[in-house]
Structures are given as C-alpha cells and as structure tokens.
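Please keep the sequence and the model in view while reading.

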Amino acid sequence: MVIDNLKNAPYYYGCHPKIDLILRYLKSDRKGLVQAPTGPQALPPELTEAGISMKIVEFDTVEGTRRWESHPVHSFVYYMLEGSERTGYGDISQMGDGVKTEGKDQILYPNGDGDRIRFPQGHFLILFPQDAHMSKLADGVPAKAKKCSFKFQR
C-alpha cells in the first residue's frame with residue numbers, strides 16, 4: 001500500500017506503467033473529476049487500452065468497522081476528491097483465512113484486523129492484491145466524501 005499527496009506523484013513515475021498512467025491522468029484532470037458525476041467514467045484511450053477502468057463514488061463515511069477485503073486479481077488507485085476517510089489496512093499474510101468469491105472480480109474477505117490510516121482530500125492511495133483494506137470509515141464524525149477508483153490487473 002502507498003498513500004501520498006498528489007503533488008508528490010512524480011516521485012512514483014516509473015514504478016509501474018499503469019500507475020504512472022493513472023497518476024499522470026490525475027495530475028492533468030483532477031479539477032474536472034471533482035465536477036464529474038458518480039459512476040463509471042470514460043477515460044482517454046491510453047488508459048482504456050492498458051486495461052484501466054475508473055468510477056467515481058460518493059458516500060457517507062461510517063463509524064466503527066466494516067468488512068475487510070482484498071482483491072487477488074486487481075490493484076487499485078484511489079484519489080480522494082472531496083472530504084476524507086479512515087481506511088483500514090492490513091497485510092493479508094498477517095490475517096486469518098477468509099471467504100473468497102469467484103468470477104472476474106474475485107474478492108477475499110479475510111479475518112483479522114489492521115491499522116486505520118487517514119486518507120484526506122488531495123491524496124492518492126494505491127492498493128495491491130496483498131493489501132487488505134476497509135474503506136469508508138469516518139475520520140472523526142460521519143461525513144460525505146467523494147473519490148475516484150481506478151482498477152487494473154498487474
């Protein structure tokens with residue numbers, strides 16, 4: 001897992017070709033994304049040809065906990081457009097067995113616990129298959145938040 005402010009994105013250029021495309025896209029169009037409606041979004045050809053999809057989600061953060069999940073097949077880059085959340089993070093090798101769904105969007109729901117990390121507006125978060133996460137947790141009191149979610153296979 002990686003979390004950083006988008007202004008630091010150039011430090012990550014070159015670490016992975018798809019992450020590079022996503023971060024460069026965010027740097028060039030983040031103001032337009034704030035205005036975009038929720039749901040799946042059209043992306044430039046270089047991103048779609050690389051197998052990257054993106055959707056914008058708007059949600060209310062919640063107090064307490066939610067279900068842990070990880071994605072054995074996909075990696076994600078999230079960008080917090082508005083508001084903030086706490087995101088749970090744990091290495092799945094340190095968590096107990098869980099339930100795995102099948103199909104193209106495989107999800108593993110591991111048992112265990114991890115840390116809670118603040119994910120504020122203007123920051124990006126990169127999650128790989130080994131990263132269990134629990135999103136949409138309140139950063140203090142429950143509030144509205146909006147983020148974009150990029151999905152790709154390594």
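## Strand β4 and residue Ser75

Helices and strands are runs assigned by DSSP, a strand having at least two residues, and they are numbered from the N terminus. The model discussed here is predicted. One strand in it is β4, which covers residues 74–82 and includes Ser75.

Is Ser75 buried or exposed? Residues count as buried under 20% relative accessible area. Ser75 has a relative accessibility of 0% and therefore counts as buried. When neighbours within four places in sequence are set aside, the contacts of Ser75 are Leu127, Phe128, Pro129, Phe150, Lys151, Phe152 and Arg154.

## Leu127 in strand β9

Leu127, one of the contacts of Ser75, belongs to strand β9, which spans residues 123–127. With a relative accessibility of 2%, Leu127 counts as buried.

Which residues does Leu127 touch, not counting those up to four places away in sequence? They are Met1, Ser75, Phe76, Tyr78 and His133. Leu127 and Tyr78 are 49 residues apart along the chain, and their C-alpha atoms are separated by 8.3 Å.

## Aromatic pairs

A pair of aromatic rings is described by two quantities, the distance of the centres and the angle of the planes. How many aromatic pairs does the structure hold? There are 3. One of them joins Tyr25 and Phe150 in an edge-to-face arrangement, with 6.1 Å from centre to centre and 80 degrees between the planes. This pair links distant parts of the chain, since Tyr25 is in helix α1 (residues 17–35) and Phe150 is in strand β11, 125 residues apart. Both Tyr25 and Phe150 are buried.

Phe76 counts as buried at 8% relative accessibility, and Tyr78 counts as buried at 11%.

## Charges over rings

Two lysine residues are placed over aromatic rings. Lys147 lies over the face of Tyr78, at 4.7 Å from the ring centre. Lys136 lies over the face of Phe59, and here the distance from the ring centre is 5.3 Å.

## Salt bridges

How many salt bridges does a search of the whole structure find? The search finds 6. Among them is the bridge between Asp60 and Lys144, whose closest N and O atoms are 3.0 Å apart. Asp60 lies in strand β3 (residues 53–60) and Lys144 in strand β11 (residues 144–153), so this bridge ties together parts of the chain that are 84 residues apart in sequence. Asp60 is partly exposed, with a relative accessible area of 46%, whereas Lys144 is exposed, with a value of 61%.

Glu85 and Lys147 form another salt bridge, with an N to O distance of 3.1 Å. Because Glu85 is in strand β5 (residues 84–91) and Lys147 is in strand β11, the pair ties together parts that are 62 residues apart in sequence. Glu85 and Lys147 are both buried.

Arg118 is partly exposed, with a relative accessible area of 41%. Salt bridges with shared partners join Arg86, Arg118 and Asp139 into one network.

## An open sheet

In what order do the strands of the open sheet of 3 strands stand? The order is β8-β5-β10, and the pairing is antiparallel. Strands β8 and β10 stand at the edges with a single partner strand each, so one side of each has no neighbour in the sheet. On average, neighbouring strands of this sheet are turned by 30 degrees against each other, direction ignored.

The antiparallel pairing of β5 and β10 runs over 5 bridges. Gly88 has Met134 as its bridge partner in β10.

Terms used:
Residues are numbered from 1 along each chain as its sequence is written. This is a predicted model: local features need pLDDT of at least 70, side-chain atom pairs count only at pLDDT 80 or more; totals for chains, interfaces and linings use all residues. Side-chain values use heavy atoms; hydrogens and water are left out. A salt bridge is a side-chain nitrogen of Lys or Arg within 4 Å of a carboxyl oxygen of Asp or Glu. Helices (H or I, at least four residues) and strands (E, at least two) are DSSP runs, numbered from the N terminus. Buried means under 20% relative accessible area, exposed over 50%, partly exposed in between (1.4 Å probe, protein chains only). Two strands pair if DSSP finds at least two bridges between them. Axes are lines fitted to C-alpha atoms, for helices over the stretch in contact, and angles run from 0 to 180 degrees between N-to-C directions. Contact means heavy atoms within 4.5 Å. Rings of Phe, Tyr and Trp (its six-membered ring) pair if their centres lie within 6.5 Å; planes under 30 degrees apart count as stacked, over 60 as edge-to-face and the rest as tilted. A charge sits over a ring if NZ of Lys or CZ of Arg is within 6 Å of the ring centre and within 35 degrees of the ring normal.
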